[in-house]
Amino acid sequence: MIQKAGRLFSRTSIVWFALLLITWLLSTYSRDMSKALEAKWITRFPAGWRLSLKNDISAAMKWLVEEADFGLFTFREATRGLAWLIEQPYNLVLSVLSSGFMEGQGSGAVQILPPLSWIAVTAIVIAAGHFAKDWKLALLMGLAFLYLAVFGQWDSAMVTLASIIIAVPFGVAGGLLLGIAAYRWNWFDQALKPILDLMQTIPVFAYLVPILFLFGFGPVSALVATIIYAMPPMVRITTLALRAVPDEIGDFGVMSGCTQRQLMWKVLVPTAKPDLMVGVNQVIMLSLNMVIIASMIGAGGLGFDVLASLRRLDIGAGLEAGIAIVVLAVALDRLSQAFAQPRQSGEERRRSESFLKRYPRTLFVLVLSIACLAAGYFFAFIQSYPEALQVTTGTFWDELVKSININYFDDLEAVKSFMLSTFMLPVKRFLGGIPWAWGWFLIAAAGWYFGGWRLSLLCALLAFFVIANGLWAKAMVTVYLCGVSVVIATIIGIPIGLFSALNERADRIVGVIIDTLQTLPSFVYLIPVVMLFRVGDFSAMIAVVLYALAPAIRYAAHGIKTVDPQLIEAGIVSGCTKRQLLWRIRAPLALPEIMLGINQTIMLALSMLVITALVGTRDLGQEVYIALTKADIGRGIVAGLAIAAIAIIADRMIAASAKSMRKRYGLA
Amino acid sequence: MEKSVKLSCRHVWKLFGHGAKEFLAKSGDVPSLQELQNADLIGAVRDANIEVLEGEIFVIMGLSGSGKSTLVRCLSRLVEPTAGELLFEGVDLRKMSERELIEIRRHKLGMVFQHFALLPHLTVLDNVAFPLDVQGLDKASCEAKARQVIDLVGLSGRELNYPRELSGGQQQRVGIARSLAVEPELWFLDEPFSALDPLIRREMQDEFLRLQSMLHKTIVFITHDFDEAIRLADRIAIMKDGEIIQIATPEELVMNPATDYVGEFTKHIPRAKVLTVGSVMSKEIIEGTETVSVSARIEEIADKVESAGKPMSVVDADGKPVGSIRPSTIIDVLVGRKVIS
């Protein structure tokens with residue numbers, strides 16, 4: 001007890017308290033101070049010192065596109081060539097799934113071959129489900145695609161599917177090759193790592209602008225953005241998976257006399273395939289996550305439907321298209337996961353030798369598709385699902401929202417204003433009031449405290465980037481929204497995680513919910529929130545909390561579950577009550593893991609924040625979004641990098657403190 | 001008959017740590033363990049000298065961390081030795097080009113691994129055919145050859161199974177079949193039975209001896225199990241801290257361990273199973289109708305000598321008497337007393 005009291009007033013805690021007090025004083029009075037002293041620099045970074053990075057980037061981009069010439073070809077020709085390369089397969093798939101094959105140009109075009117009928121596509125996915133796993137998966141696939149047809153989302157869904165079908169192989173192949181290169185050459189790995197870190201922290205919107213600039217508005221731009229967004233995890237997973245192949249297997253390959261190439265493609269990559277399939281699944285899910293965002297630069301399909309209805313506040317239509325994306329996401333997620341599992345034994349595979357018996361599904365699907373094609377000329381309902389039989393729930397949702405807003409308007413409003421006035425706004429005012437110079441000092445000090453002078457230097461440099469580009473005020477709004485959301489997500493998430501770790505049934509239910517939450521594209525969260533709370537900080541906060549909740553729960557549960565059972569037994573034998581077991585043994589030992597969960601929560605919150613700019617926040621996300629609408633490359637990239645800077649500062653500090661915590665507990 | 005040397009390794013070193021090569025070049029002769037430690041280097045293999053003879057089973061035995069795995073990886077050139085010479089059929093493996101090395105591996109070397117190292121995505125048949133496939137052999141002859149070796153190790157009927165569908169013992173049979181598919185002249189086995197449970201291990205050792213009696217390969221066999229070494233070896237090299245302490249036949253090891261460390265291992269070995277009549281008999285030649293062979297193991301003739309109740313004549317392969325053996329000598333061997341011959 002004495003020791004505890006002693007620690008309460010230790011030197012560090014006094015220092016922290018003093019810092020907090022100074023910060024509060026500065027935050028509250030700096031504005032008056034700067035007025036009284038007529039020193040504007042206190043609250044605003046002097047304009048004369050600002051970096052002109054924004055304009056430099058814009059100018060460089062302009063030069064690239066208009067003047068850059070590599071001798072054999074210009075930069076513009078290079079991007080056009082790349083676009084052409086992606087466009088060809090995309091057009092093919094789009095023709096097969098959605099538009100059909102055309103003859104002639106523009107409005108004079110005549111359809112010479114219709115697209116695959118809805119019956120044929122559904123049969124294909126059912127066959128794929130059965131091939132990958134079993135009838136249960138086949139049923140799921142069938143129901144999902146039937147849903148798309150019945151609810152009138154078929155056409156849009158096929159456009160979206162076409163873009164996924166193109167983006168995924170490009171993302172997987174690119175990621176695989178980069179990952180292999182990083183595995184082979186250490187210097188490449190070292191060079192690639194910071195780029196990957198940046199790619200995963202910089203918001204997508206930021207690189208939409210340059211892509212728009214290079215490739216123009218249209219599906220190709222959208223595909224390029226999707227591929228860039230979905231590739232980094234594949235790179236990482238490839239390198240990790242190859243490193244995880246047992247040394248003996250590599251030795252065996254060498255001893256069999258494999259050449260370098262044989263070793264890679266015949267031994268290492270096939271052995272790592274189960275792990276690589278996790279990467280493929282990631283690429284698929286991230287591509288789907290991009291569907292709505294990509295529609296901002298020209299992707300059609302479901303994403304465009306969601307975005308368009310969100311813009312005209314047509315909740316019903318937006319929700320329907322959003323649910324269709326979710327259905328597609330769930331179906332593709334399960335399918336790709338099933339493909340990752342090892343399937344039938346070898347005997348099954350080769351026993352039957354005739355073509356018909358070896359490829360029953362392929363044959364069936366082929367015959368059915370041709371039959372549908374022929375029958376489609378005579379019966380329209382075979383070619384496309386009849387409109388008369390379509391069901392729409394749009395009006396239902398509209399009515400529901402209307403009735404909620406009529407009956408519960410006051411209650412919702414009360415909750416909203418209570419949260420805003422007692423919690424969110426005071427935090428916003430406090431953070432927003434901190435003068436940049438003091439904030440800079442605090443960040444550097446915190447970096448030094450958690451991870452020594454190296455971290456301190458890194459944090460100071462990143463913070464300087466934000467400050468010197470005149471983004472301090474907006475960055476603080478981002479920090480406030482992110483901080484508030486993370487606090488709430490943690491307060492909700494960690495207890496759920498603790499509870500589900502200790503209760504098996506709860507664990508299973510929570511697991512299903514989290515899995516579903518994580519398959520939802522981030523955009524979808526905005527729809528119900530805007531329905532109920534309209535635009536503003538509060539709506540943004542709720543959407544961010546929903547999106548970022550999953551890791552807080554998951555890591556907390558995982559941390560508690562992986563505490564060494566011997567320690568628990570030691571606690572029980574020492575006569576701990578259940579409560580003591582939790583608070584004295586489980587919780588402290590799980591703390592490093594929980595910290596990592598909070599870290600993930602922050603990362604997800606930051607990426608969601610940019611999207612919530614659509615519902616009217618005034619942070620860095622809005623800055624990026626404005627840049628996008630104005631096609632201002634420099635502005636978008638700088639604001640995007642500022643968000644990445646915040647993410648990296650938070651990530652490094654938390655990682656450093658989690659590491660020192662592990663060391664203290666001897667878990668490292 | 002003098003056997004030719006298949007593989008010889010002279011003054012082979014493998015040091016881990018910064019500046020290992022320079023350190024070795026500078027220190028000239030054999031630096032001690034202490035000197036290495038002072039230079040912040042780890043001596044995984046120190047000054048190894050081995051000659052593996054054509055057709056023998058050469059066992060390298062050592063506990064974990066003794067450097068035996070590193071040594072075999074040096075011999076097979078999976079690990080680049082820091083210094084030394086490696087002569088395979090008189091040609092220096094270290095001076096070969098990448099291409100030549102690949103050719104040698106494709107046709108003359110085979111290796112079996114502790115954890116089997118089977119490719120999970122291939123069936124038994126495809127796994128065994130893999131080294132042939134890598135050579136670029138056509139599919140039909142790959143398959144025919146693979147079936148032949150699968151049959152040899154007694155796995156016929158499991159060709160189309162995947163490794164994950166087999167037991168540990170069966171998986172290692174696949175590993176053995178695969179390494180034999182190219183008909184290697186030099187066969188490395190890196191602790192091939194260590195991951196198996198004791199009963200299966202014994203069965204596999206018998207299987208291994210059966211195969212060797214048919215194939216007469218030159219074998220380098222790694223193990224940490226001294227009983228296994230005694231059972232299988234023509235000659236054994238004992239390693240400790242990266243150094244080879246003694247190279248000898250099992251019998252010599254048991255009779256004359258070079259150090260106390262080797263003695264620790266041999267102490268618990270039932271000597272009747274290792275020693276031959278020749279190593280314990282007395283030179284005194286006696287007459288007798290009943291004889292025992294000079295090369296027989298004590299275990300095999302114990303009953304016969306004991307029931308005779310008197311010294312017995314020992315004869316060589318031609319039936320010429322070379323000495324005699326008393327029942328008391330047999331008892332000395334059996335209870336582990338020092339044998340005075």
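Tutor: Two residues are in contact if their C-beta atoms, placed from the backbone, lie within 7 Å. The model is predicted: local features need pLDDT of at least 70 and side-chain atom pairs pLDDT 80 or more, while totals for chains, interfaces and linings use all residues. Residues are numbered from 1 along each chain as its sequence is written, and chains are lettered from A and ligands numbered from 1 in the order in which they are written.

Student: How many residues of chain B are in contact with chain A?

Tutor: Chain A brings 20 residues to this contact. On the side of chain B the number is 23.

Student: Which helix gives the most to the side of chain A that touches chain B?

Tutor: Helices (H or I, at least four residues) are DSSP runs, numbered from the N terminus. Helix 11 (247-255), helix 12 (260-271) and helix 16 (346-350) of chain A give two or more residues each to that side. With six residues, the one that gives the most is helix 11 of chain A.

Student: How far apart do the C-alpha centres of domain 1 and domain 2 of chain A lie?

Tutor: Domain bounds come from an automatic or database domain assignment. In chain A, this gives domain 1 (74-98 + 114-392) and domain 2 (401-665). Their C-alpha centres are separated by 30 Å.

Student: Which helix supplies the largest share of the side of domain 1 of chain A that touches domain 2 of chain A?

Tutor: Here 30 residues of domain 1 of chain A are in contact with 28 of domain 2 of chain A. Helices supplying at least two residues of the domain 1 side include helix 8 (186-201) and helix 15 (315-340) of chain A. The largest share, nine residues, comes from helix 15 of chain A.
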